[in-house]
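Student: I am new to this structure and would like to go through it step by step. Could you show it first?

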Amino acid sequence: MKPSIPKGTRDFSPTQVAKRTYIMDTIKHHFSCFGFQAIETPSFEKSETLMGKYGEEGDRLIFKILNSGDYLKKATDAFLTSKDSQKLTTQISEKALRYDLTVPFARYVVQHQNDITFPFKRFQIQPVWRADRPQKGRFREFYQCDADVVGSTSLLQEVELVQLYDSVFSSLQLKGCVIKMNNRKILSGIAQVIGAQDKLIDFTVALDKLDKIGADGVKKEMLEKGIAQDAITKVQPLFNMQGTAKEQLESLKSLLASSQIGMQGIQELEFIVTNVSALALKTASLAIDVTLARGLNYYTGAIFEVSAPNDVSMGSIGGGGRYDDLTGIFGLKDVSGVGISFGLDRIYLVLEELGLFPETTAASTDVLFFNFGETQALAAMKAIKKLRSNGVSAELYPDIASNQKKERKQLTYAERKGIPYVVLIKDPQIQDNTYTIKNMHTGDKQLVSLENLIKIFN
RNA sequence: GUGGUUGUAGCUCAGUUGGUUAGAGCGCUGGUUUGUGGUACCAGAGGUCGCCGGUUCGAACCCGGUCUUCCACCCCA
């Protein structure tokens, strides 16, 4: 059997892990800096926790876990014979791999509400799974890095989260990211004004495709979904929203004047935009995008999406928004939450494409000790012990170099692993506590004491 | 879930209109040279041509299915 891994999953080599750790550490650092604390939740949840939270499409993409034991025993014969997969699934599967980190977090908040001090700011960096078909920047197992605040309706949280995005992208030297914002209330307002409340999802999904299929394509899709022609004519101004955030907000105000909820959305957006610009961003930019409709399923207020720099062909590298009712589903009402997510794997691809990983991420062993025999190896181990306790990463080549060929092998090992120095203890009569250290780069050798050896690395 | 694409030695790929023992480079192993590596040279090992089935006297090459890769749609990080 040829070894392989399932579709949409990946192995990570030492260098790749180093780079991923670099991104993760950066994100973690800023999460902590903003006052978020880490939690972790199980990789799989009860199906009922996840199902129905992400829309019909989402349910299809959730990996279901087969029950243990003789799981078909409990199945209804009728479902089996009629091959009704959907009904059968609920009978033979009671667990599922988490699809995102937000819903499990909502479950966590409700379950542990008595131990939580609100507002609760948590961050979570864990893999999630989606039974999607892989393509560029899309995997079936990938990491999300989420920061959420629950228990406060203050819009200052949104302002903070925009700052957080900016801080992380600044640290990563990733210039040109655009934090796009919209508000679910604005979308509701638009639907209200044009009398298409019942078609809200179809309407926003179509609108979301504006930059992809153009105004005509959007109109066509809206018509196909049964949205009236005169309604489409009314939203015409949306198709060519131009200008600054302020200008866009003004034109929205005239469009949504008759909608209370729409006006509220505009006010919220205005508050966030005003405060963010007063605080200023370092590298990212904030933009209003009324066509943004992401995560519609549980978002109720602000919606965020971060698009990668223009010169990179990558979709969104982050997203988020405010959800007022998510904990309500699990029995805790009136706890509003807002959060953002960083797509680790996509950020990785973007940094790779732009060559933005620092050289130092590939750090390896500082020094390799050659192994010329048992006595020498023991002497080496003693020196290594000292070095390690001084914070120097050192290792001994495990096999003895009994001939020239094998010596070469040890050198090659050091070279391939990028180890900058090797130490040679060749003399079996090791008495004088001196070591020959060789610089792999220059080939220079020098005789030093253990004290000086340690100094070289400090 | 829909449409297309890819799959040949460890890796990157050749392989002509289906025809006898399937090739290259890199890597690997052994050796020579370099007298503690990164050079050069010599030799060698390694492939059920993704898998299953079909067409054919004969298939890596044609057909079907399946898995995998990548891409687009759907949707999304």
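Tutor: Domain bounds here come from an automatic or database domain assignment. The model is a predicted one.

Student: Which residues does the domain assignment of chain A give to domain 1 and domain 2?

Tutor: The assignment for chain A gives two segments to domain 1 and one to domain 2. Domain 1 is 14-62 + 99-354, and domain 2 is 367-456.

Student: What distance separates the centres of domain 1 and domain 2?

Tutor: The centres are taken over C-alpha atoms. Between domain 1 and domain 2 the separation is 53 Å.

Student: How many bridges join S5 to S6, and which residue is the bridge partner of Phe 123?

Tutor: S5 covers residues 120-129 and S6 covers residues 141-150, and the two run antiparallel. The number of bridges joining them is ten. In S6, the partner of Phe 123 is Ala 147.

Student: Why are H1 and H16 described as roughly perpendicular?

Tutor: The axes of H1 (residues 14-33) and H16 come within 10 Å. Angles of 65 to 115 degrees count as roughly perpendicular. H1 and H16 are therefore put in that class, as their axes cross at roughly 110 degrees.

Student: How do the residues of the contact of H1 with H16 divide by class?

Tutor: On the H1 side the contact includes Tyr 22, Ile 23 and Met 24, along with Lys 19 and Arg 20. On the H16 side, Leu 344, Ile 347, Tyr 348 and Leu 351 are among the residues, as are Asp 345 and Glu 352. The division is seven nonpolar, one polar and four charged.

Student: Which residues of H9 meet H8, and is the crossing left-handed or right-handed?

Tutor: The axes of H8 (residues 184-193) and H9 (residues 200-208) come within 10 Å and cross at roughly 110 degrees. From H8, the contact takes in Arg 184, Leu 187, Ser 188, Ile 190 and Ala 191. The H9 residues they meet are Leu 200, Phe 203, Thr 204 and Leu 207. The crossing of H8 past H9 is right-handed.

Student: At roughly what angle do the axes of H9 and H10 cross?

Tutor: H10 consists of residues 210-224, and its axis comes within 7 Å of that of H9. Phe 203 and Leu 207 of H9 take part in this contact, with Leu 210 and Val 218 among the residues from H10. By class, the contact has seven nonpolar, no polar and three charged residues. The crossing angle is roughly 145 degrees.

Student: What is the order of the open sheet of three strands, and which residue stands opposite Glu 45?

Tutor: The edge strands are S2 (44-46) and S3 (64-66). The pairing is antiparallel, and the order is S2-S4-S3. Three bridges join S2 to S4 (residues 93-97). In S4, the residue opposite Glu 45 is Ala 96.

Student: Which helix lies across S3 and S4?

Tutor: This helix runs at about 95 degrees to S4. Made of residues 85-92, it is H5.

Student: Which two residues does a cis peptide bond join, and what is the phi of Ala 280?

Tutor: Most residues other than glycine have a negative phi, and most peptide bonds are trans. The cis bond has an omega of about -5 degrees and joins Phe 118 and Pro 119; Pro 119 is in the loop between H6 (102-111) and S5. Ala 280 is in the loop between H14 and S8. Although Ala 280 is not a glycine, its phi is positive, at about 70 degrees.

Key
Residues numbered from 1 in each chain as written. Chains lettered and ligands numbered in written order. Predicted model: local features only at pLDDT ≥ 70, side-chain atom pairs only at ≥ 80, totals over all residues. Heavy atoms only, no water. Axes fitted to C-alpha atoms, helices over the stretch in contact; angles between N-to-C directions. Helix = DSSP H or I, 4+ residues; strand = E, 2+ residues; numbered from the N terminus. Left-handed = near helix turned anticlockwise from the far one by under 90°. Contact = heavy atoms within 4.5 Å. Pairing = 2+ DSSP bridges. Parallel < 35°, antiparallel > 145°, perpendicular 65-115°, else oblique. Nonpolar A, V, L, I, M, F, W, Y, C, P; charged D, E, K, R; others polar.
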